[in-house]
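This briefing covers selected packing features of one protein chain. The points are grouped by topic after the structure.

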Amino acid sequence: TLTVPMWQALPPNNVSPAQVTLSNGETLTSGELYARWKEKDAALIKDLYAFLDSPNSSTAIFVMRLLPELKLKGYVEEVTPLLKHTRAVVRTEALKVLANERDDAKVLAAVAARLDEEEDAEVAAQAAAFLGKAKDKTYAVLEPIWQLGNAEPTVAVAAASALTTFKKDARVVPALYKQ
């Protein structure tokens, strides 16, 4: 019998007559999974989110990629904590998944908080770019401010020039002065 983790059976793929393993090890038939999923069974949705805590980074990444496609309410709250994951690849994927919710105030605040703490330069650059595309200028200004102090000289010069469009932000002058 083919046995697959729940996240590989969603959205309802035709994996019949497979057995589907939930995060707690319980197994269901694929038909039972699909029937419960169609009814929006809260326990199944909670179980899907439990895969995000998997010690296997690949599992967390695959589940994150699946969540926007499933259009589950509340997935943003489940993915946002992964911005603090120990593996850079998971943090990068969390930024990609949250891109569709970029203008959510909680998402912007979480990414901005991580920008100051991020140790991986590549992930920090991606977080800065994420914020730079925000409609809220309070967060969009953080990209050129970050680039000013962390990017290569040609990018830093362009960032200094870009900061002139954020004249009313009190963080601009101190950032320019610091550099």
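The model is predicted. Lys137 belongs to helix α9, which spans residues 137–140, and, apart from neighbours within four places in sequence, Lys137 is in contact with Phe166 and Asp169.

**Two contrasting positions**
- Lys137 has a relative accessible area of 56%, and it counts as exposed because this is over the 50% cut-off.
- Between the C-alpha atoms of Lys137 and Thr80 there are 21 Å, with 57 residues separating the two along the chain.
- Ser57 is located in helix α4.
- The relative accessible area of Ser57 is 9%, so Ser57 is buried, the cut-off being under 20%.
- Beyond neighbours within four places in sequence, the contacts of Ser57 are His85, Arg87 and Val90.

**Helix α2**
- Helix α2 covers residues 30–38, and its buried residues are Ser30, Leu33, Tyr34 and Trp37.
- Viewed down the axis of α2, these buried residues fall within an arc of 95 degrees, so they line one face of the helix.
- An α-helix has 3.6 residues a turn, so residues three or four places apart point the same way.
- The partners against which the buried residues of α2 pack are the helices α1 (6–9), α3 (42–50) and α4 (57–70), and the strands β2 (19–21) and β3 (27–29).
- Lys40 follows α2 and has a positive phi, near 60 degrees.

**Helix α10**
- In helix α10, residues 142–150, the buried residues are Leu142, Glu143, Pro144, Trp146, Gln147 and Leu148.
- These buried residues pack against α7 (105–117), α8 (121–132), α9, α11 (153–162) and α12 (172–178).

**Nonpolar cores**
- The largest nonpolar core has 50 residues, of which Met6, Leu33, Leu48, Met64, Leu67 and Leu131 touch the most other members.
- Another core lies apart from it and has seven residues, among them Ala140, Val141, Leu148 and Val172.
- Leu33, listed in the largest core, is also one of the buried residues of α2.
- Leu148, a member of the seven-residue core, is also one of the buried residues of α10.
- Not counting residues up to four places away in sequence, Leu67 touches Leu48, Tyr49, Leu52, Leu72, Tyr75 and Val79.

**Aromatic rings**
- How many aromatic pairs does the structure hold? The number is zero.
- Arg102 sits over the face of Phe130, 4.7 Å from the ring centre.

Notes. Residues numbered from 1 in each chain as written. Predicted model: local features only at pLDDT ≥ 70, side-chain atom pairs only at ≥ 80, totals over all residues. Heavy atoms only, no water. Helix = DSSP H or I, 4+ residues; strand = E, 2+ residues; numbered from the N terminus. Buried < 20%, exposed > 50% of the residue type's maximum accessible area, 1.4 Å probe, protein only. Contact = heavy atoms within 4.5 Å. Core = buried A, V, L, I, M, F, W, Y, C linked by side-chain atoms within 4.5 Å. Arc of directions from axis to C-beta. Phe/Tyr/Trp six-rings, centres within 6.5 Å; stacked < 30°, edge-to-face > 60°. Lys NZ or Arg CZ within 6 Å of the ring centre and 35° of its normal.
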